[in-house]
Amino acid sequence: MPHLVILSASIRAGRKSHRVALFLKRLIEEKNLATIEIVDLNEYQFPIFHERLMFQKNPVPELLEYSKKIKEADGVLIVTPEYNGGYPASLKNAIDVLYPEWQRKPVAISTCSDGDFGGNQVITSIQFVLWKMHALTVPAMFPNPNVDKAYDDQGNPADKAGAEKRALYFLKELLWYMEAKQRMQEK
Ligand SMILES: Cc1cc2nc3c(=O)[nH]c(=O)nc-3n(C[C@H](O)[C@H](O)[C@H](O)COP(=O)(O)O)c2cc1C
């Protein structure tokens with residue numbers, strides 16, 4: 001079974017986008033699509049980037065652990081909010097600190113906002129950054145508008161059928177890339 005990491009990007013006090021990470025984790029488990037772990041940047045609280053991990057002399061153990069989790073995942077699903085049309089500094093921090101870990105890694109992006117557009121404006125900037133790092137960015141979206149009302153604290157969607165239908169289409173695309181990568185590695 002493939003292994004998927006959900007990278008939950010928001011470290012904001014009272015964050016809401018983490019609800020989407022919880023929802024997706026539960027759905028993936030229920031449908032038995034992959035083994036799944038949430039990597040929560042709010043738990044890590046990494047310091048502001050000062051150098052890439054591969055050039056650090058004495059990296060903190062948490063950074064090594066984070067690197068290992070990304071490296072070993074068959075795919076990564078980023079759940080990110082939109083802040084002023086971009087993605088949060090916590091996420092840029094966590095992307096730039098790695099490099100080989102991202103190469104040819106299937107990465108899908110789910111965005112969130114408390115407005116009607118679900119964080120759509122984040123997509124182009126984050127896709128470009130991941131493309132620069134040679135990740136395999138998945139051309140599918142899972143925007144989550146009104147995230148504060150669309151999910152409760154435990155990640156239960158108000159519109160269960162609708163959210164699951166959209167999420168499963170999105171996940172199908174990510175899983176396709178994960179399987180394609182796996183097949184190439186078997187060659
Ligand atoms: C600094 C900041 C900037 C924001 N900018 C936008 C924005 O550009 N577009 C938008 O739709 N929502 C914006 N919002 C609202 C967020 O979408 C909303 O707070 C959402 O819950 C953020 O995710 P989080 O709770 O996980 O941090 C912004 C929120 C913050 C804190």
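Hi everyone, let's start with the sheet: five strands form an open sheet in the order 2-1-3-4-5, and their pairing is parallel. Strand 2 (35-40) and strand 5 (136-141) stand at the edges with a single partner strand each, so one side of each has no neighbour in the sheet. On average, neighbouring strands are turned by 25 degrees against each other, direction ignored. Please keep in mind that this is a predicted model.

If sheets are new to you, here is the background: strands of a sheet pair through backbone hydrogen bonds, either parallel or antiparallel. You can find Ser8 standing opposite Val79 in strand 3.

Now for the helices that lie on the sheet. Helix 1 lies across strand 1, strand 2, strand 3 and strand 4 (106-112), and it runs at about 165 degrees to strand 2. Helix 5 lies across strand 3, strand 4 and strand 5, at about 160 degrees to strand 4.

Helices also pack on each other. Two packed helices are described by the angle between their axes and the distance between the axes.

So how do helix 1 and helix 7 cross? The axes of helix 1 (residues 18-30) and helix 7 (residues 160-186) come within 11 Å and cross at roughly 75 degrees. These two helices are therefore roughly perpendicular to each other. On the helix 1 side, the contact is made by Phe23, Leu24, Leu27, Ile28 and Glu30, and on the helix 7 side by Ala163, Glu164, Ala167, Leu168 and Leu171. The residues of this contact divide into 8 nonpolar, no polar and 2 charged.

Our next pair is helix 4 (residues 89-96) and helix 5 (residues 122-132), whose axes come within 11 Å and cross at roughly 10 degrees. That angle makes helix 4 roughly parallel to helix 5. Leu91, Lys92 and Ile95 of helix 4 make the contact with Ile126, Val129 and Leu130 of helix 5. Here the residues divide into 5 nonpolar, no polar and 1 charged.

Which residues lie nearest the centre of the largest pocket? They are Arg12, Pro81, Ser113, Asp114 and Val147, out of 13 residues that line the pocket. The lining divides into 4 nonpolar, 3 polar and 6 charged residues. About 190 Å³ of space lies in this largest pocket.

Conventions. Residues numbered from 1 in each chain as written. Predicted model: local features only at pLDDT ≥ 70, side-chain atom pairs only at ≥ 80, totals over all residues. Heavy atoms only, no water. Axes fitted to C-alpha atoms, helices over the stretch in contact; angles between N-to-C directions. Helix = DSSP H or I, 4+ residues; strand = E, 2+ residues; numbered from the N terminus. Parallel < 35°, antiparallel > 145°, perpendicular 65-115°, else oblique. Contact = heavy atoms within 4.5 Å. Nonpolar A, V, L, I, M, F, W, Y, C, P; charged D, E, K, R; others polar. 1 Å grid on protein atoms, 1.4 Å probe; cavity = no way out; pocket = protein on both sides within 12 Å on 5 of 7 lines; lining within 4 Å. Points joined across faces, edges and corners; volume = space filled by probe spheres on them. Pairing = 2+ DSSP bridges.
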